[in-house]
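Open your viewer and get ready to select residues by number. We will walk from stop to stop, and at each one I will tell you what to look for.

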Amino acid sequence: MRMRFRSLESRIVTLFLVLVVAVQLIGLLVIQRGIDNNARLAISSELNNGSKVFHRLLDQNAQSLRFGARLLARDTAFVAAIGNNDESDRATIESALVNSGRRIKAALTMLVSSERKISVSTNNSQAAALEKQVASMLDAAEASDGANGIAIVDHRPYQIVVMPVKAPITIGWIVMTFPIDRQLATDMREVSSLDTTVLTRDPQGKWLAVGSTFNGPTAQTVVDQLQALSTAPTGPFDLMLEAGQYSARLLAIGQYGDQTANVLLARSIDEATAEYSRLERWLIGLTLGGIFLSALAIVFTAKRIAQPISELADTARRLEQGDYKGQIDTSREDEIGALAHAFDSMREGIAKREQEIRRLAYWDTLTNLPNRAQFVLLLDDALAEAAKREESVFVLMMDLDRFKHVNDVMGHSFGDALLRQVAGRLQLLLANRRQSSAQVARLGGDEFAVLLPDSDLDSAQRMAAEILQALETPLSLEDQMVDIGAGLGIAGYPEHGNHGEALLSMAEVAMYAAKQRNDGAVVYDAAMDKSSEKSLSLLTELRNAIERNEFRLHVQPKIMLDTGKVVGMESLVRWVHPERGNVFPDEFIPFAEQTGFIRVLTRWVMEKSAELCHELAAKGYPLKVSVNLSTRDLLDQDLPAKFAETLARHKLAPSSFCLEITESAIMDDPVRAQNTLERLSAMGVDLSIDDFGTGYSSLAYLKRLPVNELKIDKSFVLNMENDVGDTKIVRSTIDLGHNMGLRVVAEGIESEAVWRLLAELGCDQGQGYFMSRPIPGDQLIAWLEKWRAPIAIPAPDYSEVEMGS
């Protein structure tokens with residue numbers, strides 16, 4: 001035996017056996033280490049990709065919140081409710097916030113006023129906790145048309161989005177939050193197959209699990225092991241859990257004060273290497289079955305194992321770099337094939353989600369046109385190209401006229417269809433002009449923009465004229481013909497600016513100037529910005545004037561011309577500015593009408609007039625008070641209800657008031673105006689047509705209005721005694737009013753001769769400087785006690801008047 005063992009053959013056999021076994025063992029160790037390294041590499045890649053996927057999920061949620069907030073911020077009814085600054089609109093605002101938040105599953109929705117105070121919230125306690133964080137984001141949100149971040153309330157992280165509400169200036173901010181909890185962790189698990197735990201860490205270093213795909217005890221084990229670490233790990237680390245060993249990565253997603261929000265992504269090492277362990281046992285069996293075959297099988301198997309794993313690792317690296325185009329071999333039917341198939345599915349899913357996110361970020365879903373973000377990118381590219389070639393670029397921005405009325409009367413679905421038709425008409429116009437490089441976009445609401453590369457001012461103005469002409473043709477929708485125009489602003493490079501956002505802002509300023517002037521298309525001028533700043537300052541001062549009680553109520557008596565008896569008064573508003581002194585109504589009333597502040601001013605005048613009317617009646621002077629209504633007041637469908645509340649509060653009968661409306665205010669929207677007037681008339685309020693004879697309304701329409709009084713414009717009264725033509729107009733107006741069963745009031749009486757002439761013509765009442773200038777309301781009683789009418793006012797002799805004609 002000893003000789004036999006010492007034989008060359010035995011030694012060779014033994015040597016080969018030992019060498020083969022040693023090589024096999026070493027090979028097994030090397031393969032095992034390679035498998036472990038590759039598995040670790042794949043897990044590391046999964047964790048790296050998982051961190052990117054999670055951030056994309058956060059970004060997607062932020063985009064959803066911003067999109068929902070932006071829709072609400074640009075909702076015209078919502079903006080109007082905020083702009084009214086009225087307590088009665090609070091319910092509307094709250095309802096809009098609740099509905100918008102519910103639609104996108106926001107945990108909190110609130111409104112921050114222009115004074116940067118939380119005015120409305122769907123969760124007061126959470127809103128109070130977020131107030132400081134929100135305040136720090138307001139400036140960034142206003143500068144960038146929205147901002148988002150991470151906040152922690154009661155040890156729970158939230159995504160927070162702040163969106164400015166502009167009309168066109170910022171009148172508030174919408175704030176929405178989205179909980180980062182188990183639902184997001186579950187979504188992450190479905191997308192990446194990684195176990196996900198959302199954690200917060202308080203200032204004392206204590207970890208808390210907010211949501212996890214692990215069960216309760218396992219999630220607590222994760223927290224305990226993190227708590228045992230002296231510092232938060234910055235790279236991959238291992239966790240020992242009940243289900244086995246995991247490789248994990250901790251991501252910091254936000255910090256709020258001394259608290260931090262984190263996400264832990266974990267991958268089971270045992271699951272990742274399970275198929276490799278079975279292969280190892282198979283290799284050992286082959287080694288015992290035959291040394292040579294085992295050696296060959298080891299080499300063959302090592303190649304068979306290592307190659308697909310390397311390919312998957314390469315794929316993971318490409319995914320990490322954002323390359324989703326590479327193909328993955330999924331033809332194998334074993335576990336590695338399943339892993340490859342999972343990689344391929346993950347690649348396609350991530351690519352589709354990124355494509356959808358990009359579409360939502362850069363395209364308007366209603367009209368399928370580029371949105372504002374995409375338009376700015378196109379504009380910046382055009383500016384860069386124009387700078388190289390020394391060419392010009394022009395931007396046209398337009399805002400549709402009367403679109404809000406269409407939305408209010410016909411509904412939002414009708415308005416959406418109208419916007420789609422306008423978009424189609426603009427695209428057709430550019431196609432017919434063969435403007436291949438021109439681009440139309442919808443910026444939001446009813447605002448559109450057109451980019452004209454390699455153009456000049458004349459071409460831009462011609463294009464603007466063609467657009468306005470195209471929009472003049474009525475649109476046919478649902479058997480309805482809609483007339484719609486636009487205000488259009490023009491700005492160009494290099495004449496006005498060299499940056500995309502700046503150029504767009506200049507075009508917007510010019511557009512608002514066009515709408516104010518009713519001038520079609522207007523080219524930007526630097527002076528317009530100064531005017532915008534002045535308007536903004538004036539609006540702020542008007543709001544402060546209400547709060548600081550700077551407005552004063554003045555009245556002008558209305559007198560019976562045949563008896564000289566005082567029967568009424570017209571309420572007028574005066575502004576006593578602390579620095580500029582008395583501000584004339586002509587300086588602020590038109591601006592208040594343009595901005596919508598006139599509604600606030602009208603409510604103030606009604607309230608003060610009702611107080612004075614009640615005081616006069618109590619002292620034996622039952623006078624009918626006249627208050628002027630503006631166009632915006634007539635379009636306010638809540639006006640009758642608000643007026644009824646004022647009357648009830650001061651215990652006044654509706655007949656105590658006469659509401660005056662100009663012809664132009666009525667004709668701006670006849671249907672809605674008549675609806676409002678009929679409701680007011682049904683209450684018992686007298687209605688008067690002010691400045692009669694200066695408008696363009698038809699008598700056929702006026703006779704259908706429920707009015708009680710005509711007021712002859714002072715331009716016909718002032719010079720009656722010297723101008724026969726004016727006298728004829730006044731006489732005809734008086735006859736017309738009487739034939740329609742209306743009383744007739746003349747304003748602008750500045751002499752006794754005019755008084756007597758009007759009395760002879762049969763005019764019922766009058767007011768003017770001859771009787772009294774407008775005086776402060778608190779001085780009216782003293783004036784009434786001193787008033788003496790001109791004596792011996794003759795009864796009217798209509799026959800002489802007719803003969804003198």
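Start by selecting E645 and A648: both are exposed, a word that means over 50% relative accessible area, while buried means under 20% and partly exposed lies in between (1.4 Å probe, protein chains only). They sit on one side of helix α20. This is a predicted model, in which local features need pLDDT of at least 70 and side-chain atom pairs count only at pLDDT 80 or more, while totals for chains, interfaces and linings use all residues. Residues are numbered from 1 along each chain as its sequence is written, and side-chain values use heavy atoms, with hydrogens and water left out.

Now colour the rest of the helix. α20 spans residues 639-649, and L639, P640, K642, F643, T646 and L647 in it are buried. Why do they line one face of the helix? Looking down the axis of α20, the buried residues fall within an arc of 165 degrees, so they share one face; the arc is that of the directions from the helix axis to the C-beta atoms. An α-helix has 3.6 residues a turn, so residues three or four places apart point the same way. Helices (H or I, at least four residues) and strands (E, at least two) are DSSP runs, numbered from the N terminus.

What covers that buried face? Show α18 (598-618), β21 (624-629) and α22 (670-683), which are among the elements covering the buried residues of α20.

Keep α18 and α20 on screen. Their axes come within 9 Å and cross at roughly 25 degrees; axes are lines fitted to C-alpha atoms, for helices over the stretch in contact, and angles run from 0 to 180 degrees between N-to-C directions. That angle makes α18 roughly parallel to α20 (under 35 degrees is roughly parallel, over 145 roughly antiparallel, 65 to 115 roughly perpendicular, and the rest oblique). To see the contact (heavy atoms within 4.5 Å), select R603, M606, E607 and A610 of α18 with L639, K642, F643, T646 and R649 of α20. By class, this contact has four nonpolar, one polar and four charged residues. Here Ala, Val, Leu, Ile, Met, Phe, Trp, Tyr, Cys and Pro count as nonpolar, Asp, Glu, Lys and Arg as charged, and the others, Gly among them, as polar.

Next, jump to helices α3 (residues 76-84) and α4 (residues 90-103), which pack at an angle of about 140 degrees with their axes 9 Å apart. That makes α3 oblique to α4. Select F78, A81 and I82 in α3, which meet T92, I93, A96 and L97 in α4. This contact has six nonpolar, one polar and no charged residues.

Move on to Y362 in helix α10 (residues 335-362). At 22% relative accessibility, Y362 counts as partly exposed. Leaving aside neighbours within four places in sequence, Y362 is in contact with P370, N371, A373, Q374 and L377.

The last stops are about the backbone. Most residues other than glycine have a negative phi, and most peptide bonds are trans. D145 lies in the loop between α5 (124-144) and β3 (147-153). Finish at Y493 and P494, which are joined by a cis peptide bond with omega about 5 degrees. P494 is in the loop between β16 (486-493) and α15 (500-517).
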